[in-house]
Amino acid sequence: MGKKSPKILPAAAVFGQFLALFPFAAAFCGLALKRYAVLAYLAVYAVFAVFYAAGHLCGRFAHEMTPGGKRKSVIMFISRAAVLVPSALFIAGVLAFDLPSMALFYVLPGGIAAFFGAHGGEGRSYTDKFSRGWFALYFAAGLFTAVLLWSSREEELAADGMLQLCAGFAVMILLSALLANQTNIDVCTNQRGGGRSVLPDGLRRYNAVLITVICAVTIGLFLFAKPLAGLIKYLVSLLIRGFLSVMEALSSCVWIEPEDMTPDGSGNVSEIEPGFTSALAELLFAVLIIGLLVVIFKLRRQIWELIKSVFEPLFRAREKSSDIPFYDEILVSDAKRLAPRARRRVEHELAKQYKRESDPARRYRLGYALFLVRLGKTERPPLPVDTTTVHREKGESVFERDLGELSGVYNRVRYGETAPTAEELAEQEKLLTELK
C-alpha cells in the first residue's frame, strides 16, 4: 500500500477556490458599501459557501447516477442547471431585504463560479480541483476590480482595495506553488512501481516549508518595500547618532583651551545641528546603496546561476522535447529497421546538429549517437538491449580501434552529469572523422 496524500492538500485546494473569489467580495465592499468591513466579507463568503455546497451536492448526485447513453447527459445537464435555484433565492433575498443592487453584479457571479467549481471538482483529486483556471479567474477578476476601484475617484478606497488584492494575489501565488510542487511529487512517485511508498518521510513538509519561506520573503519584500527602506534608513541614522554621541562623550574627556573651543572664545560648545546628522545619514545610505550595486555587479554570474538553479525545474518539462535522448537512446532500437537511404539521411542531419551544437555535454552525446548510427551500418549493429560496454566491444571488433575513452567519457557525461573537457571533445571529433 502506498502512502496517501495528506488530507490538508484537498483542503488547501478548496481554500484556493474560495480565495479566487476574493476580487468579487472586494468589489462589492469597495464599490457598493464604500468600506471594507469584516462582517461584510463574512456575509459575502457565506453566500459563496451556500453556492459551493449546492454545487457539491448536485455534482455528487450526478456522479452517483451513472447510467450510460443520453440519460447520463440529461442528468449532468439538470445538475448543472440547478444553479438557477440558489441564484433565484439570492436574487429574492436581495430584493426582500433591500440590499444594494450591486450585489447582483459582484456577489452573484462569484457564487455561480463557486457552484460550478464545486460541481466540476466532485470526485477529483486536489490537483484537478485547484486548476490553473482558478488562478486565471483571480487575475482577471482582480484586474477588473482594480480598474473599477481606480475609476471611482476615491483614492484612499482604491488604494486600500489594491493592497488587499495584491496581498490576496500573493497568497494565491504561494498556494499555487505549493500545490504544483505536491502534484509533481505525486506524478513522479506514481510513475514508479512502488507508488507513494517510495516517497521519503518528511519530503512533502520540507518542500512545503522551503517554498513557503522563499515565497513569503519575496512577497514581504514586494509588499513592504517602502516601510523596509524607511526602517533601514532609520537604523542607519540611529547608528550615526550613536557614533556621534560616543565621539562627543570622548571629546568631553579631553581638556581643551576655551579659546580653542569656539571662535569667539566663549568656551560654549555648540551642539551638532540636526540637519548635519540627517545629511550624513542620507550620505551613508547612498553609499550603502552604491556598495550593494557594486557587489551585485561583481557577483552577477553567481547570482544568475543561483536564479537559474531555482527556476530550472519550472521549465525542465518544456525542454525535454529538445533534449537528445531520441538520438542516443531511441535510435538504437530503430537502427535495424532503417533503410540505407533513411539511415544516410539520419546520419547527415545528426552530423549537422553535432557541428552546430555549442553545449559540451549535448555535443558529446550527439557524437556518441553519430557513432551508433555508423555502427548500425556494419555487420554488428547496436541492439536495444545493448549496454555501452557492448557498444564498445562491437565497435572495437568492427572498426579495430580502442573505444575505451569514448565509452568512458560518454558514461560520465550521460549518467554522471559532468561536462567533457575540450581535449575529450577534440578526441571524439577526430575519432568520428576516422570512422566514416
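Residues are numbered from 1 along each chain as its sequence is written, and side-chain values use heavy atoms, with hydrogens and water left out. Because the model is predicted, local features need pLDDT of at least 70 and side-chain atom pairs count only at pLDDT 80 or more, while totals for chains, interfaces and linings use all residues.

Helices here are DSSP runs (H or I, at least four residues), numbered from the N terminus. Helix H8 takes in residues 132-151, 20 residues in total. From its first C-alpha to its last, H8 reaches 29 Å, close to the 28 Å expected at 1.5 Å a residue; the expected span is 1.5 Å times one less than the number of residues.

Which residues of H8 are buried? With buried meaning under 20% relative accessible area, exposed over 50% and partly exposed in between (1.4 Å probe, protein chains only), they are Trp134, Tyr138, Ala141, Gly142, Thr145, Ala146 and Leu149. These residues lie on the same side of H8 because they cover an arc of only 145° around the axis, the arc being that of the directions from the helix axis to the C-beta atoms. Arg132, Leu143, Phe144 and Val147, on the other side of H8, are exposed. Just after the helix, arginine 153 adopts a positive phi of about 65°.

Turning to charged pairs, a salt bridge is a side-chain nitrogen of Lys or Arg within 4 Å of a carboxyl oxygen of Asp or Glu. By this rule, 11 salt bridges are counted.

One of them joins lysine 394 to aspartate 386, with the closest N and O atoms 2.7 Å apart.

Another salt bridge pairs glutamate 434 with arginine 401, where the closest N and O atoms are 2.1 Å apart. This pair links distant parts of the chain, 33 residues apart: glutamate 434 sits in helix H20 (residues 422-434), and arginine 401 in the loop between helix H18 (388-399) and helix H19 (404-416). Glutamate 434 is partly exposed at 43% relative accessibility, as is arginine 401 at 34%.

Glutamate 357 and arginine 362 also meet through their side chains in a salt bridge (3.5 Å, N to O), and arginine 362 is partly exposed, with a relative accessible area of 26%. Finally, a network of salt bridges links Glu347, Arg374 and Lys377.

Technical notes
Helix = DSSP H or I, 4+ residues; strand = E, 2+ residues; numbered from the N terminus.
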